[in-house]
Amino acid sequence: MRVRLSGRDQQELIDFVKELETLQNFEITYASELRDSTRTNNPKYQNSKEIMQYVDIKKKA
């Protein structure tokens, strides 16, 4: 499953991904670089101050 995560800062996303792996028994198989959401072509995000990342996750067996 590919999921787009967004948060207020880099540390918030890093902490969430670590928690997802340890507490929820998920495995992160891919993680994109953290980036500003203003780098998209969608004008909806032009004024956003959030950081975003795409991750692929799967449930551990």
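Is arginine 2 buried or exposed, and what is its relative accessible area? Arginine 2 is exposed, with a relative accessible area of 53%, where buried means under 20% relative accessible area, exposed over 50%, and partly exposed in between, computed with a 1.4 Å probe and protein chains only. The legends below describe a predicted model, in which local features need pLDDT of at least 70 and side-chain atom pairs count only at pLDDT 80 or more, while totals for chains, interfaces and linings use all residues. Residues are numbered from 1 along each chain as its sequence is written, and side-chain values use heavy atoms, with hydrogens and water left out.

**View 1. The protein chain as a whole.** The protein chain has one helix and four strands, where helices (H or I, at least four residues) and strands (E, at least two) are DSSP runs numbered from the N terminus. Followed along the sequence, these elements give the pattern β-α-β-β-β, and the C-alpha trace spans about 40 × 20 × 15 Å along its principal axes. Of the 61 residues in the protein chain, 26% are buried. Contacts, meaning heavy atoms within 4.5 Å, can also be sorted by separation in sequence: among those between residues at least 6 apart, 62% join residues at least 24 apart.

**View 2. Confidence along the protein chain.** The mean pLDDT of the protein chain is 85, and 93% of the residues score at least 70; pLDDT is the predictor's confidence in each residue, from 0 to 100. Confidence is highest in strand 1, at a mean of 91, and lowest in strand 3, at 83. Where pLDDT is low, the predicted coordinates should not be read in detail.

View 3. A search of the whole structure finds two salt bridges, each defined as a side-chain nitrogen of Lys or Arg within 4 Å of a carboxyl oxygen of Asp or Glu. In one of the two, the side chains of aspartate 56 and arginine 2 meet at 2.8 Å, N to O. Because aspartate 56 lies in strand 4 (residues 51–59) and arginine 2 in strand 1 (residues 2–7), the pair ties together parts that are 54 residues apart in sequence.

**View 4. The salt bridge between arginine 8 and glutamate 12.** Here the side chains of arginine 8 and glutamate 12 meet in a salt bridge, with 3.1 Å from N to O. Arginine 8 counts as exposed, at 64% relative accessibility, whereas glutamate 12 is partly exposed, with a relative accessible area of 29%.

**View 5. Two buried serines in loops.** Serine 32 is placed in the loop between strand 2 (26–31) and strand 3 (35–36), and at 15% relative accessibility this serine counts as buried. Leaving aside residues up to four places away in sequence, serine 32 touches Gln53 and Tyr54. Serine 37, in the loop between strand 3 and strand 4, is also buried, at 1% relative accessibility. From C-alpha to C-alpha, serine 37 and serine 48 are 6.5 Å apart in space, although 11 residues separate them in sequence.

**View 6. Isoleucine 14 in the helix.** Isoleucine 14 belongs to helix 1 (residues 10–23) and is partly exposed, with a relative accessible area of 33%. The C-alpha atoms of isoleucine 14 and leucine 34 are separated by 9.3 Å, and the two residues are 20 residues apart along the chain.
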